[in-house]
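Visitor: I would like to learn how to read contacts, cores and helix packing in a model. Please take one feature at a time.

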Amino acid sequence: MRRASANGIVVQVIELDALTKRYGDTTAVAGLTFTVRPGRITGFLGPNGAGKSTTLRMVLGLNAPSSGTVTVAGRPFGELPRGLRHVGALLDAADVHGGRDAAGHLWALARSNRIPRARVAEVLDAVGLESVARRRIGGFSLGMKQRLGIATALLGDPPVLLFDEPFNGLDPEGVLWVRGLFKRLAAEGRTVFVSSHLMSEMENTADHLVVIGRGRLIADESLAEFSARSAGRRVVVRSPEAARLAAVLTDEGAVVSPGGEESLTVTGMPVERVGELAFEHRVLLRELSGHGASLEAAFMELTADSVEYLAGDRR
Amino acid sequence: MTALTALTALTVPVAEPRARFTDLLASEWIKIRSLRSVAWATGASGLLVVFMNLAAAMSDYVNWFDYGEPVRADFFPDWSIEAAFTQGAVMVGFLAVSAIGAVLVASEYGTGMIRTTFAAVPARRAVMAAKLLVAAALFTVWGAVVATVSFFGSQAILSWRGVGVPIGHPGAVRVVVASALIAPVAVLVGMGLAALLRHVASSIVVAVGLLLLAPALINSQREWLIQVDNLFPLTAWMRLSELATDVPAPYLTLGGAWAVLGVWAVVATGLAAVVVKRDP
């Protein structure tokens with residue numbers, strides 16, 4: 001089981017192999033197989049009810065898989081006697097006892113893993129909660145609880161970090177800060193696995209995307225590859241020589257439709273390439289712009305068949 | 001942002017100190033200590049139990065000359081010792097302590113804190129064992145203080161009427177020890193039920209049913225019902241709190257009564273150890 005070679009090398013990856021979780025007749029997670037690698041932020045995307053949280057709970061050994069396996073650095077996490085130095089996790093910011101103060105909460109967790117008390121102040125400082133260390137968690141806003149959850153994940157200075165919907169409840173500054181933190185953690189060589197149901201949150205955060213829908217793997221690719229899926233992208237170009245340009249672009253494989261008044265709408269070709277071709281063929285341009293089909297749209301398109309809960313008018 | 005140290009050695013296993021059970025005990029102790037509601041409930045219920053016992057002794061002191069001559073003549077030692085540990089106070093203690101036990105476990109499940117705990121310490125049985133052990137130790141001390149104060153306080157009051165039982169009296173130490181040890185039994189029962197039910201209110205209802213209601217409802221001279229009644233900790237405590245050493249069958253022997261208390265503690269612990277394996 002242990003993914004260690006003879007010289008003791010352990011790669012801090014999360015490996016899912018045909019991971020499945022069934023609750024009675026419903027299959028929450030259906031045979032997920034993918035690997036989350038160190039040194040980058042892996043976004044874990046899917047609509048609500050896609051099975052993201054169930055998957056993360058299985059990674060942490062909280063829920064037992066119906067079949068399949070999931071390991072962290074070659075071992076099922078649940079077999080470890082202590083976890084904080086191996087995996088830091090924020091599953092649900094509400095998974096705290098509201099009657100405890102922030103410092104007491106962190107100290108109880110740190111102590112169970114024999115992490116020194118000074119670390120509690122360090123992580124509170126790192127997430128900006130040092131001034132409310134002695135306030136009861138019950139009075140915290142969701143954003144403050146998210147920060148506390150992130151502090152908990154950082155306690156053991158772990159090589160692997162999991163965050164389930166960490167952006168919920170954060171103000172814009174908070175979102176920027178969390179993004180910066182994740183980038184730094186990944187740059188330090190850690191494995192950072194972040195779930196979200198919003199593509200817009202991942203667009204500026206993740207390096208790599210794992211997309212699931214209805215418990216099944218839909219995509220496992222880099223953000224760049226994912227962007228390339230945005231087939232619906234349109235380029236609008238305006239030129240006095242629209243007809244000549246249209247011919248050039250069509251020759252290069254683009255689909256061109258005239259938009260009236262010297263204007264063309266081009267699909268199937270990135271905006272940069274349209275500009276290059278115009279330059280090479282000495283066509284004067286008065287406008288060149290890329291439109292539509294954001295990553296968000298690509299994500300929606302990709303998961304359209306697997307959205308669990310649709311508002312009435314979209315059904 | 002000094003809190004994060006860059007990982008320089010990603011390709012080596014995580015270096016960490018050996019896992020010790022004492023770390024879990026310390027962690028659970030921090031958890032109990034950092035909940036103000038638990039501290040209040042523990043302190044207040046202890047004061048209430050002591051107050052009820054001392055009030056009983058005080059009432060005997062005040063009403064002494066209203067008691068008939070035969071009552072006064074028979075007062076020492078059995079009635080004296082009853083004033084130290086009144087049944088009402090013991091029932092209040094059972095209720096309060098088992099409820100605190102239920103809250104300690106069920107609130108961790110109810111709030112979701114248990115998932116944070118198990119993500120930090122995947123060894124769930126060890127966590128639950130530490131939790132039970134810390135609470136049992138706390139309430140052993142609580143029981144010892146409450147029983148000791150109740151005994152010496154009430155007997156000091158009764159000694160003003162010349163009927164105080166000295167601690168050296170045959171059986172007196174056993175009564176005090178039994179009255180102290182029902183506290184850890186009660187807290188373990190509350191915790192075991194909460195580990196099973198994961199819900200504060202239902203755990204308390206079942207704990208009260210088992211610890212207080214069931215033995216109170218069984219009120220019969222039929223032998224088999226007496227034997228059923230013998231299985232409950234309240235009955236066992238009532239037997240242990242009598243100074244008499246020998247009572248006729250089918251009532252509990254002293255050894256039997258101790259065994260009943262022990263079995264309840266063991267079964268509650270075992271129950272928690274089994275159900276902790278379910279998905280939290």
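Guide: Start with contact: two residues are in contact if their C-beta atoms, placed from the backbone, lie within 7 Å. The model shown here is predicted.

Visitor: Which residues does Met191(B) touch, not counting residues up to four places away in sequence?

Guide: Leaving out those sequence neighbours, Met191(B) touches Gly101(B), Ala102(B), Leu104(B), Val105(B), Leu132(B), Ala135(B), Ala268(B) and Ala272(B).

Visitor: Which residues touch the most other members of the largest nonpolar core?

Guide: That core has 152 residues, and Leu106(A), Ala102(B), Val187(B) and Met191(B) touch the most other members. Helix H8 of chain B, residues 172-197, supplies the largest share of the core, with 18 residues. Another core, of 10 residues, lies apart from it and includes Val235(A), Ala242(A), Val256(A) and Ala278(A).

Visitor: How many residues of chain A are in contact with chain B?

Guide: On chain A there are 51, which contact 41 residues of chain B. The largest share of the chain A side, six residues, comes from H2(A). By class, that side has 22 nonpolar, 15 polar and 14 charged residues.

Visitor: How is a pair of packed helices described?

Guide: In general, by the angle between the two axes and the distance between them. Here, the axes of helix H5 (residues 87-111) and helix H6 (residues 113-120), both of chain B, come within 4 Å and cross at roughly 90°. Angles of 65 to 115 degrees count as roughly perpendicular, so H5(B) is roughly perpendicular to H6(B).

Visitor: Which residues meet there, in H5(B) and in H6(B)?

Guide: Glu108(B), Tyr109(B) and Thr111(B) in H5(B) meet Met113(B), Ile114(B) and Thr117(B) in H6(B). The residues of this contact of H5(B) with H6(B) comprise three nonpolar, two polar and one charged.

Technical notes. Residues numbered from 1 in each chain as written. Chains lettered and ligands numbered in written order. Predicted model: local features only at pLDDT ≥ 70, side-chain atom pairs only at ≥ 80, totals over all residues. Core = buried A, V, L, I, M, F, W, Y, C linked by C-beta atoms within 7 Å. Buried ≥ 20, exposed ≤ 12 C-beta atoms within 10 Å, placed from the backbone. Helix = DSSP H or I, 4+ residues; strand = E, 2+ residues; numbered from the N terminus. Nonpolar A, V, L, I, M, F, W, Y, C, P; charged D, E, K, R; others polar. Axes fitted to C-alpha atoms, helices over the stretch in contact; angles between N-to-C directions. Parallel < 35°, antiparallel > 145°, perpendicular 65-115°, else oblique.
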